Amino acid sequence: MTASTSTTLPREPEGLSVRKIWIVGTATVVSTLLLTGVAWLLVTVPTGSPAAAQPSSLVHDLVEHATGGADAKAAGNQALERYGWIDRGAGVARIPIEQAIDAVVADPALIAGGPR
């Protein structure tokens, strides 16, 4: 056999010119800056415009008077501490949670579906 000879095939040019890459990159940056400027102008309100002086038409009562759930928590805690009838005819009553826990510990059969 003969020693392998290396033959080089002619390479084709890549087809991408540096000039085209710079043009596309520059156009992308310029269009991004222009669109960002237009968006900024649409979002901001000039300080001297009448729209800035008028109050918002949105209802803010729920947000401004929100207590972060403190009222609901207080009502829930109060319900856990009081006596009352749930269904008087069926004999189902509400008792304070601590007494209910003590009663179930003393007699597990008090829980519906528990061992009897």
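How many residues does helix α1 have, and how far does it reach from its first C-alpha to its last? I began my notebook here, working from a predicted model. I found 26 residues, numbered 18-43. The reach is 38 Å, close to the 38 Å expected at 1.5 Å a residue.

**Entry: cover on α1.** Next I asked how many of the residues of α1 are buried. The number is zero out of 26, so I noted that this helix lies largely in the open.

**Entry: the whole chain.** I then stepped back to the overall layout. I listed five helices and two strands. Reading from the N terminus, I wrote the order down as α-α-α-α-β-β-α. Buried residues make up 3% of the 116 residues in the protein. I also looked up contacts between residues at least 6 apart in sequence, and 0% of these join residues at least 24 apart. For the accessible surface I have about 10900 Å², with 65% of that belonging to carbon and sulfur atoms.

Entry: Which way do strands β1 and β2 run, parallel or antiparallel? They run antiparallel, and three bridges join them. I put β1 at residues 84-87 and β2 at residues 92-94. Looking across the pair, I saw Gly84 opposite Arg94 in β2. The hairpin has four residues between the strands, and there I looked up Gly91, which takes a positive phi near 75 degrees.

**Entry: a nonpolar patch.** Which residues make the nonpolar surface patch of about 340 Å²? My list reads Leu80, Ile97, Ile101 and Val105. Helix α5, residues 97-106, gives the most to this patch, with three residues. I reminded myself that an α-helix has 3.6 residues a turn, so residues three or four places apart point the same way. As for Leu80, I traced this residue to helix α4, which covers residues 70-80. Leu80 has 38% relative accessibility; buried would need under 20% and exposed over 50%, so Leu80 counts as partly exposed.

Key. Residues are numbered from 1 along each chain as its sequence is written. This is a predicted model: local features need pLDDT of at least 70, side-chain atom pairs count only at pLDDT 80 or more; totals for chains, interfaces and linings use all residues. Side-chain values use heavy atoms; hydrogens and water are left out. Patches are made of residues with over 30% relative accessible area and no salt bridge: like charges are joined within 9 Å, nonpolar side chains (Val, Leu, Ile, Met, Phe, Trp, Tyr) within 5 Å. Accessible areas come from the Shrake-Rupley method with a 1.4 Å probe; for residues, only the protein chains shown count as cover. A salt bridge is a side-chain nitrogen of Lys or Arg within 4 Å of a carboxyl oxygen of Asp or Glu. Buried means under 20% relative accessible area, exposed over 50%, partly exposed in between (1.4 Å probe, protein chains only). The expected span of a helix is 1.5 Å times one less than its number of residues. Two strands pair if DSSP finds at least two bridges between them. Contact means heavy atoms within 4.5 Å.
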